[in-house]
Amino acid sequence: MKICVLPGDGIGPEIVGQAVRVLEALRSDGLKLEMETALLGGCAVDQAGEPYPEATRRLAREADAVLLGAVGGPQYDTLPREKRPERGLLGIRKDLGLFANLRPAMLYPELANASSLKPEIVAGLDILIVRELTGDIYFGEPRGIETRDGQRVGINTMIYSEAEIRRIACVAFGAARKRSRRLCSVDKMNVLECTQLWRDVVTDVARDYPDVELSHMLVDNAAMQLVRNPKQFDVMVTGNMFGDILSDEASMLTGSIGMLPSASLDDKGKGLYEPIHGSAPDIAGKGVANPLATILSAAMMLRYTFSQETAAARIEGAVKKVLGQGYRTADIYEAGTKKVGTKEMGDAVIAAL
Ligand code: NAD
(Lines give C-alpha, C1' and ligand atoms only; values in the text may rest on other atoms or scores of the structure.)
Protein backbone atom coordinates (compact mmCIF):
# COMPACT_ATOMS: atom_id res chain seq x y z
CA MET A 1 0.00 0.00 0.00
CA LYS A 2 1.88 2.99 -1.34
CA ILE A 3 0.81 6.39 -0.06
CA CYS A 4 1.97 9.73 -1.40
CA VAL A 5 1.82 12.25 1.44
CA LEU A 6 1.34 15.92 0.51
CA PRO A 7 1.27 18.13 3.62
CA GLY A 8 0.81 21.38 1.63
CA ASP A 9 0.56 24.82 3.22
CA GLY A 10 -0.63 26.57 6.37
CA ILE A 11 -1.84 24.04 8.95
CA GLY A 12 -1.33 21.24 6.37
CA PRO A 13 1.99 19.94 7.76
CA GLU A 14 0.65 20.01 11.35
CA ILE A 15 -2.53 18.04 10.68
CA VAL A 16 -0.99 15.64 8.16
CA GLY A 17 1.79 14.99 10.70
CA GLN A 18 -0.79 13.61 13.12
CA ALA A 19 -2.54 11.49 10.46
CA VAL A 20 0.85 10.01 9.51
CA ARG A 21 1.51 9.15 13.16
CA VAL A 22 -1.85 7.32 13.29
CA LEU A 23 -0.96 5.38 10.13
CA GLU A 24 2.47 4.57 11.58
CA ALA A 25 0.77 3.23 14.71
CA LEU A 26 -1.30 0.90 12.49
CA ARG A 27 1.84 -0.08 10.57
CA SER A 28 3.54 -1.14 13.77
CA ASP A 29 0.48 -3.37 14.30
CA GLY A 30 1.17 -5.09 10.97
CA LEU A 31 -0.51 -2.97 8.28
CA LYS A 32 1.88 -2.91 5.31
CA LEU A 33 2.06 0.78 4.43
CA GLU A 34 4.73 2.76 2.60
CA MET A 35 4.64 6.55 2.81
CA GLU A 36 6.61 9.11 0.83
CA THR A 37 6.26 12.88 1.13
CA ALA A 38 6.25 15.48 -1.67
CA LEU A 39 5.42 19.12 -2.36
CA LEU A 40 2.09 20.53 -3.55
CA GLY A 41 0.69 24.06 -3.54
CA GLY A 42 2.41 27.17 -2.23
CA CYS A 43 5.31 25.29 -0.65
CA ALA A 44 5.95 23.68 -4.04
CA VAL A 45 6.01 27.10 -5.73
CA ASP A 46 8.48 28.31 -3.10
CA GLN A 47 10.80 25.32 -3.37
CA ALA A 48 10.34 24.04 -6.93
CA GLY A 49 8.83 26.96 -8.83
CA GLU A 50 5.60 25.07 -9.70
CA PRO A 51 2.45 24.28 -7.68
CA TYR A 52 2.43 20.65 -9.00
CA PRO A 53 6.09 19.82 -9.72
CA GLU A 54 7.20 16.91 -11.87
CA ALA A 55 8.63 14.98 -8.90
CA THR A 56 5.24 15.18 -7.14
CA ARG A 57 3.43 14.12 -10.31
CA ARG A 58 5.65 11.05 -10.60
CA LEU A 59 5.16 10.05 -6.97
CA ALA A 60 1.38 10.67 -7.07
CA ARG A 61 1.01 8.58 -10.23
CA GLU A 62 3.03 5.69 -8.76
CA ALA A 63 1.21 5.69 -5.43
CA ASP A 64 -2.05 3.84 -4.73
CA ALA A 65 -3.41 6.75 -2.72
CA VAL A 66 -2.62 10.36 -1.89
CA LEU A 67 -3.06 11.93 1.53
CA LEU A 68 -3.28 15.72 1.32
CA GLY A 69 -3.42 18.46 3.97
CA ALA A 70 -4.47 21.71 2.32
CA VAL A 71 -2.96 24.29 0.00
CA GLY A 72 -3.02 28.08 -0.25
CA GLY A 73 -2.38 31.19 1.74
CA PRO A 74 -2.59 34.96 1.42
CA GLN A 75 1.09 35.24 0.40
CA TYR A 76 0.26 33.42 -2.85
CA ASP A 77 -2.88 35.36 -3.79
CA THR A 78 -1.00 37.87 -5.96
CA LEU A 79 0.91 35.26 -8.02
CA PRO A 80 -0.04 34.78 -11.68
CA ARG A 81 -2.95 32.33 -11.96
CA GLU A 82 -0.82 29.39 -13.23
CA LYS A 83 1.48 29.66 -10.20
CA ARG A 84 -1.30 29.71 -7.59
CA PRO A 85 -1.50 26.83 -5.11
CA GLU A 86 -5.09 26.00 -6.25
CA ARG A 87 -3.64 25.19 -9.67
CA GLY A 88 -1.68 22.42 -7.99
CA LEU A 89 -4.87 20.99 -6.55
CA LEU A 90 -6.82 21.17 -9.81
CA GLY A 91 -3.74 19.81 -11.59
CA ILE A 92 -3.40 16.69 -9.45
CA ARG A 93 -7.16 15.98 -9.55
CA LYS A 94 -7.13 16.16 -13.33
CA ASP A 95 -3.85 14.29 -13.72
CA LEU A 96 -5.09 11.37 -11.63
CA GLY A 97 -8.56 11.32 -13.26
CA LEU A 98 -10.37 11.76 -9.94
CA PHE A 99 -14.00 12.03 -11.03
CA ALA A 100 -15.85 10.95 -7.89
CA ASN A 101 -15.88 13.10 -4.79
CA LEU A 102 -17.15 11.47 -1.60
CA ARG A 103 -17.99 13.76 1.27
CA PRO A 104 -19.46 12.34 4.45
CA ALA A 105 -21.27 14.78 6.72
CA MET A 106 -21.29 13.24 10.12
CA LEU A 107 -22.12 14.76 13.46
CA TYR A 108 -20.90 12.98 16.54
CA PRO A 109 -23.56 13.21 19.27
CA GLU A 110 -20.94 14.84 21.55
CA LEU A 111 -20.67 17.80 19.12
CA ALA A 112 -24.40 18.36 18.48
CA ASN A 113 -24.20 21.86 19.99
CA ALA A 114 -21.68 22.95 17.34
CA SER A 115 -24.39 22.98 14.66
CA SER A 116 -26.52 26.04 14.00
CA LEU A 117 -29.52 23.69 13.73
CA LYS A 118 -31.39 22.28 16.73
CA PRO A 119 -29.50 19.31 18.24
CA GLU A 120 -32.46 16.94 17.72
CA ILE A 121 -32.42 17.68 13.95
CA VAL A 122 -28.71 16.92 13.53
CA ALA A 123 -27.46 14.75 16.43
CA GLY A 124 -26.21 11.48 14.98
CA LEU A 125 -26.37 12.80 11.39
CA ASP A 126 -24.45 10.51 9.04
CA ILE A 127 -24.86 11.14 5.33
CA LEU A 128 -22.56 10.76 2.33
CA ILE A 129 -22.66 13.06 -0.68
CA VAL A 130 -21.21 11.66 -3.90
CA ARG A 131 -20.40 14.50 -6.31
CA GLU A 132 -19.24 14.15 -9.92
CA LEU A 133 -16.03 16.14 -10.13
CA THR A 134 -14.77 16.42 -13.70
CA GLY A 135 -17.79 17.25 -15.88
CA ASP A 136 -20.92 19.43 -15.96
CA ILE A 137 -21.18 23.18 -16.45
CA TYR A 138 -17.73 23.71 -14.84
CA PHE A 139 -15.98 22.15 -17.83
CA GLY A 140 -18.58 22.21 -20.67
CA GLU A 141 -17.87 23.98 -23.95
CA PRO A 142 -18.65 26.51 -25.35
CA ARG A 143 -17.94 28.88 -22.51
CA GLY A 144 -16.84 32.47 -22.14
CA ILE A 145 -17.97 36.06 -22.29
CA GLU A 146 -18.72 37.52 -25.72
CA THR A 147 -20.60 40.39 -27.29
CA ARG A 148 -23.97 39.75 -28.90
CA ASP A 149 -26.23 42.53 -30.24
CA GLY A 150 -23.97 45.17 -28.69
CA GLN A 151 -23.92 43.79 -25.15
CA ARG A 152 -21.81 41.22 -23.30
CA VAL A 153 -23.25 37.80 -22.60
CA GLY A 154 -21.81 35.11 -20.34
CA ILE A 155 -22.02 31.51 -21.56
CA ASN A 156 -21.48 28.14 -19.93
CA THR A 157 -22.61 24.74 -21.08
CA MET A 158 -24.11 22.06 -18.87
CA ILE A 159 -23.19 18.75 -20.46
CA TYR A 160 -22.96 15.13 -19.29
CA SER A 161 -22.40 12.05 -21.38
CA GLU A 162 -24.17 8.82 -20.57
CA ALA A 163 -20.81 7.22 -19.70
CA GLU A 164 -19.94 9.97 -17.22
CA ILE A 165 -23.30 9.60 -15.46
CA ARG A 166 -23.05 5.82 -15.44
CA ARG A 167 -19.60 5.71 -13.80
CA ILE A 168 -20.50 8.16 -10.99
CA ALA A 169 -23.80 6.33 -10.44
CA CYS A 170 -21.87 3.05 -10.03
CA VAL A 171 -19.60 4.66 -7.41
CA ALA A 172 -22.66 5.95 -5.53
CA PHE A 173 -24.52 2.62 -5.63
CA GLY A 174 -21.32 0.89 -4.48
CA ALA A 175 -20.94 3.32 -1.59
CA ALA A 176 -24.61 2.86 -0.64
CA ARG A 177 -23.97 -0.88 -0.49
CA LYS A 178 -21.30 -0.27 2.16
CA ARG A 179 -23.82 1.75 4.21
CA SER A 180 -27.63 1.62 4.64
CA ARG A 181 -28.39 0.78 0.97
CA ARG A 182 -30.42 3.91 0.29
CA LEU A 183 -29.45 6.28 -2.52
CA CYS A 184 -31.08 9.60 -3.44
CA SER A 185 -30.16 11.01 -6.85
CA VAL A 186 -30.48 14.78 -7.14
CA ASP A 187 -31.26 16.56 -10.43
CA LYS A 188 -33.33 19.35 -11.99
CA MET A 189 -35.10 17.26 -14.62
CA ASN A 190 -38.18 19.49 -14.67
CA VAL A 191 -36.13 22.27 -16.33
CA LEU A 192 -32.79 20.89 -17.59
CA GLU A 193 -32.62 18.24 -20.30
CA CYS A 194 -29.08 17.39 -19.25
CA THR A 195 -30.39 16.26 -15.88
CA GLN A 196 -33.33 14.40 -17.48
CA LEU A 197 -30.63 12.22 -19.03
CA TRP A 198 -28.99 12.04 -15.59
CA ARG A 199 -32.23 10.67 -14.09
CA ASP A 200 -32.77 8.19 -16.94
CA VAL A 201 -29.23 6.79 -16.72
CA VAL A 202 -29.20 6.54 -12.90
CA THR A 203 -32.56 4.71 -13.07
CA ASP A 204 -31.06 2.34 -15.62
CA VAL A 205 -27.93 1.67 -13.49
CA ALA A 206 -30.22 0.88 -10.52
CA ARG A 207 -31.18 -2.41 -12.23
CA ASP A 208 -27.69 -3.70 -11.42
CA TYR A 209 -28.15 -2.85 -7.73
CA PRO A 210 -31.54 -4.34 -6.79
CA ASP A 211 -30.49 -4.38 -3.12
CA VAL A 212 -30.16 -0.54 -3.05
CA GLU A 213 -33.31 1.56 -2.74
CA LEU A 214 -33.14 4.46 -5.24
CA SER A 215 -35.10 7.70 -4.97
CA HIS A 216 -34.92 10.97 -6.95
CA MET A 217 -35.22 14.54 -5.73
CA LEU A 218 -35.11 17.93 -7.42
CA VAL A 219 -32.14 20.01 -6.28
CA ASP A 220 -34.19 22.87 -4.84
CA ASN A 221 -36.15 20.44 -2.69
CA ALA A 222 -32.91 18.64 -1.70
CA ALA A 223 -31.40 21.93 -0.50
CA MET A 224 -34.51 22.49 1.61
CA GLN A 225 -34.74 18.93 2.96
CA LEU A 226 -31.08 19.06 4.04
CA VAL A 227 -31.91 21.76 6.58
CA ARG A 228 -35.45 20.54 7.37
CA ASN A 229 -34.79 16.86 8.00
CA PRO A 230 -31.25 15.85 6.98
CA LYS A 231 -31.39 12.46 8.69
CA GLN A 232 -33.83 11.19 6.01
CA PHE A 233 -30.79 10.78 3.71
CA ASP A 234 -28.12 8.10 3.59
CA VAL A 235 -26.17 8.50 0.31
CA MET A 236 -26.89 11.33 -2.18
CA VAL A 237 -25.46 11.45 -5.70
CA THR A 238 -25.44 14.48 -7.95
CA GLY A 239 -23.54 16.40 -10.63
CA ASN A 240 -20.62 18.73 -10.21
CA MET A 241 -22.40 22.05 -9.65
CA PHE A 242 -25.30 20.82 -7.52
CA GLY A 243 -22.83 18.68 -5.56
CA ASP A 244 -20.54 21.64 -4.94
CA ILE A 245 -23.36 23.54 -3.28
CA LEU A 246 -25.13 20.66 -1.50
CA SER A 247 -21.92 19.18 -0.07
CA ASP A 248 -20.97 22.53 1.47
CA GLU A 249 -24.48 22.90 2.83
CA ALA A 250 -24.37 19.39 4.29
CA SER A 251 -20.96 19.87 5.88
CA MET A 252 -22.07 23.10 7.51
CA LEU A 253 -24.96 21.22 9.16
CA THR A 254 -22.34 19.72 11.41
CA GLY A 255 -20.86 23.11 12.39
CA SER A 256 -17.38 21.66 12.71
CA ILE A 257 -15.27 22.10 9.61
CA GLY A 258 -12.24 20.57 11.36
CA MET A 259 -13.99 17.19 11.60
CA LEU A 260 -14.92 16.33 8.00
CA PRO A 261 -12.87 14.16 5.63
CA SER A 262 -13.27 13.65 1.90
CA ALA A 263 -12.18 11.31 -0.87
CA SER A 264 -11.76 11.86 -4.60
CA LEU A 265 -11.58 8.60 -6.55
CA ASP A 266 -10.66 7.44 -10.04
CA ASP A 267 -12.26 4.45 -11.77
CA LYS A 268 -9.79 1.93 -10.33
CA GLY A 269 -10.08 2.79 -6.65
CA LYS A 270 -7.08 5.10 -6.47
CA GLY A 271 -7.93 8.14 -4.41
CA LEU A 272 -6.88 11.47 -3.03
CA TYR A 273 -7.94 11.93 0.56
CA GLU A 274 -8.10 15.31 2.28
CA PRO A 275 -9.98 17.25 4.93
CA ILE A 276 -12.70 19.50 3.48
CA HIS A 277 -11.24 22.61 5.12
CA GLY A 278 -8.49 24.85 3.78
CA SER A 279 -5.04 25.75 5.04
CA ALA A 280 -6.37 28.00 7.85
CA PRO A 281 -3.55 30.58 7.65
CA ASP A 282 -5.03 32.39 10.67
CA ILE A 283 -3.98 29.55 13.00
CA ALA A 284 -1.05 28.02 11.06
CA GLY A 285 2.05 27.26 13.13
CA LYS A 286 0.23 27.69 16.44
CA GLY A 287 -0.27 24.00 17.14
CA VAL A 288 -4.02 24.43 17.71
CA ALA A 289 -5.53 23.09 14.46
CA ASN A 290 -7.92 20.16 14.65
CA PRO A 291 -6.25 17.12 13.02
CA LEU A 292 -9.34 14.89 13.16
CA ALA A 293 -10.62 15.63 9.62
CA THR A 294 -7.24 14.54 8.25
CA ILE A 295 -7.06 11.49 10.51
CA LEU A 296 -10.58 10.54 9.33
CA SER A 297 -9.43 11.10 5.72
CA ALA A 298 -6.76 8.46 6.36
CA ALA A 299 -9.55 6.14 7.58
CA MET A 300 -11.48 6.75 4.33
CA MET A 301 -8.29 5.92 2.41
CA LEU A 302 -7.99 2.58 4.19
CA ARG A 303 -11.66 1.82 3.45
CA TYR A 304 -12.05 2.98 -0.16
CA THR A 305 -8.62 2.41 -1.72
CA PHE A 306 -7.21 -0.42 0.38
CA SER A 307 -10.42 -2.21 1.48
CA GLN A 308 -9.03 -2.34 5.02
CA GLU A 309 -12.41 -1.98 6.70
CA THR A 310 -11.18 -3.14 10.12
CA ALA A 311 -8.32 -0.62 10.23
CA ALA A 312 -10.63 2.17 9.00
CA ALA A 313 -13.21 1.36 11.64
CA ARG A 314 -10.45 1.26 14.25
CA ILE A 315 -9.45 4.85 13.46
CA GLU A 316 -13.08 6.02 13.43
CA GLY A 317 -13.73 4.24 16.70
CA ALA A 318 -10.67 5.90 18.25
CA VAL A 319 -11.90 9.35 17.16
CA LYS A 320 -15.32 8.62 18.68
CA LYS A 321 -13.61 7.50 21.87
CA VAL A 322 -11.47 10.65 22.30
CA LEU A 323 -14.56 12.82 21.80
CA GLY A 324 -16.33 10.71 24.41
CA GLN A 325 -13.36 11.24 26.74
CA GLY A 326 -13.90 14.99 26.36
CA TYR A 327 -10.82 15.94 24.29
CA ARG A 328 -11.48 19.02 22.13
CA THR A 329 -9.33 21.28 19.96
CA ALA A 330 -10.19 24.98 20.14
CA ASP A 331 -12.59 24.92 17.17
CA ILE A 332 -14.92 22.40 18.86
CA TYR A 333 -14.27 23.38 22.47
CA GLU A 334 -17.15 23.79 24.92
CA ALA A 335 -17.05 24.59 28.62
CA GLY A 336 -16.58 21.42 30.67
CA THR A 337 -14.41 19.64 28.07
CA LYS A 338 -10.58 19.28 27.87
CA LYS A 339 -8.97 21.74 25.47
CA VAL A 340 -5.96 20.22 23.65
CA GLY A 341 -3.63 21.19 20.81
CA THR A 342 -2.99 19.41 17.50
CA LYS A 343 -0.32 17.03 18.81
CA GLU A 344 -2.15 16.19 22.04
CA MET A 345 -5.22 15.30 19.96
CA GLY A 346 -3.02 13.02 17.85
CA ASP A 347 -1.62 11.46 21.05
CA ALA A 348 -5.17 10.86 22.34
CA VAL A 349 -6.25 9.15 19.09
CA ILE A 350 -3.17 6.90 19.09
CA ALA A 351 -3.77 6.01 22.74
CA ALA A 352 -7.42 5.20 21.91
CA LEU A 353 -6.40 2.99 18.95
P1 NAD B 1 -10.26 27.52 5.77
O2 NAD B 1 -11.04 26.27 5.72
O3 NAD B 1 -8.79 27.40 5.66
O4 NAD B 1 -10.57 28.28 7.15
C5 NAD B 1 -11.89 28.73 7.51
C6 NAD B 1 -11.95 28.89 9.05
O7 NAD B 1 -11.99 27.60 9.64
C8 NAD B 1 -10.72 29.59 9.64
O9 NAD B 1 -11.13 30.40 10.72
C10 NAD B 1 -9.86 28.46 10.14
O11 NAD B 1 -9.03 28.80 11.23
C12 NAD B 1 -10.89 27.41 10.54
N13 NAD B 1 -10.35 26.05 10.34
C14 NAD B 1 -10.18 25.41 9.16
N15 NAD B 1 -9.66 24.19 9.37
C16 NAD B 1 -9.49 24.07 10.70
C17 NAD B 1 -8.97 23.03 11.53
N18 NAD B 1 -8.51 21.87 11.06
N19 NAD B 1 -8.93 23.26 12.87
C20 NAD B 1 -9.39 24.40 13.38
N21 NAD B 1 -9.89 25.42 12.66
C22 NAD B 1 -9.94 25.25 11.33
O23 NAD B 1 -10.85 28.47 4.65
P24 NAD B 1 -10.34 29.90 4.14
O25 NAD B 1 -9.88 30.72 5.30
O26 NAD B 1 -11.42 30.40 3.27
O27 NAD B 1 -9.10 29.58 3.20
C28 NAD B 1 -7.72 29.67 3.62
C29 NAD B 1 -6.83 29.19 2.50
O30 NAD B 1 -7.09 27.80 2.22
C31 NAD B 1 -7.06 29.91 1.16
O32 NAD B 1 -5.80 30.13 0.56
C33 NAD B 1 -7.90 28.94 0.36
O34 NAD B 1 -7.69 29.11 -1.03
C35 NAD B 1 -7.35 27.62 0.84
N36 NAD B 1 -8.28 26.49 0.68
C37 NAD B 1 -7.72 25.31 0.32
C38 NAD B 1 -8.50 24.18 0.23
C39 NAD B 1 -7.85 22.89 -0.13
O40 NAD B 1 -6.63 22.78 -0.07
N41 NAD B 1 -8.59 21.85 -0.49
C42 NAD B 1 -9.87 24.24 0.50
C43 NAD B 1 -10.42 25.46 0.90
C44 NAD B 1 -9.61 26.59 1.00
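Leaving aside neighbours within four places in sequence, Asp187 is in contact (heavy atoms within 4.5 Å) with Thr195, Trp198, Arg199, His216, Met217, Leu218, Val219 and Phe242. This is a predicted model in which local features need pLDDT of at least 70 and side-chain atom pairs count only at pLDDT 80 or more, while totals for chains, interfaces and linings use all residues. Residues are numbered from 1 along each chain as its sequence is written, and side-chain values use heavy atoms, with hydrogens and water left out.

Asp187 lies in strand 8; helices (H or I, at least four residues) and strands (E, at least two) are DSSP runs, numbered from the N terminus. With a relative accessible area of 0%, Asp187 is buried. Buried means under 20% relative accessible area, exposed over 50%, and partly exposed in between (1.4 Å probe, protein chains only).

The table lists two side-chain polar contacts. A polar contact is a pair of N or O atoms within 3.5 Å; within protein, one must be able to donate a hydrogen and the other to accept it, and residues adjacent in sequence count only if both atoms are side-chain atoms.

| Side chain | Partner side chain | Distance |
|---|---|---|
| Asp187 | Arg199 | 2.8 Å |
| Arg93 | Glu274 | 3.2 Å |

**Helix 7**

Arg199 is among the buried residues of helix 7, together with Cys194, Thr195, Trp198, Val201, Val202 and Val205. These buried residues pack against strand 5, helix 6, strand 8, strand 9 (213–218), strand 10 (235–238) and helix 9 (240–254). Helix 7 has 13 residues (193–205) and, at 1.5 Å a residue, should span 18 Å; its end C-alpha atoms are 19 Å apart, which agrees. The expected span is 1.5 Å times one less than the number of residues.

**Arg93**

Arg93 lies in helix 4 (residues 85–95) and is partly exposed, at 23% relative accessible area. Not counting residues up to four places away in sequence, Arg93 touches Leu98, Leu133 and Glu274.

**Domains**

The assignment gives domain 1 (1–99 + 266–353) and domain 2 (110–260), with bounds that come from an automatic or database domain assignment. Their contact takes 20 residues from domain 1 and 18 residues from domain 2, and the C-alpha centres of the two domains lie 24 Å apart. Between them the domains bury about 1700 Å², 66% of it on carbon and sulfur atoms; buried area is the accessible area (1.4 Å probe) that two parts lose on being put together, summed over both. In domain 1, Phe99, Ile276 and Tyr304 lose the most area to domain 2, together 38% of what that side buries.

Five residue pairs are in polar contact between domain 1 and domain 2 (both at pLDDT 80 or more). Helix 10 and helix 11 (309–324) are the elements that give two or more residues to the domain 1 side. The largest share of that side, five residues, comes from helix 10.

**Backbone geometry**

Most residues other than glycine have a negative phi, and most peptide bonds are trans. Arg181 has a positive phi near 60 degrees and is partly exposed at 36% relative accessibility; Arg181 is found in the loop between helix 6 (162–177) and strand 8 (182–187). Ala280, also not a glycine, has a positive phi of about 40 degrees and sits in the loop between strand 12 (271–275) and helix 10 (292–304). The peptide bond from Glu141 to Pro142 is cis, with omega near 0 degrees. Pro142 is in the loop between strand 5 (126–132) and strand 6 (144–148).
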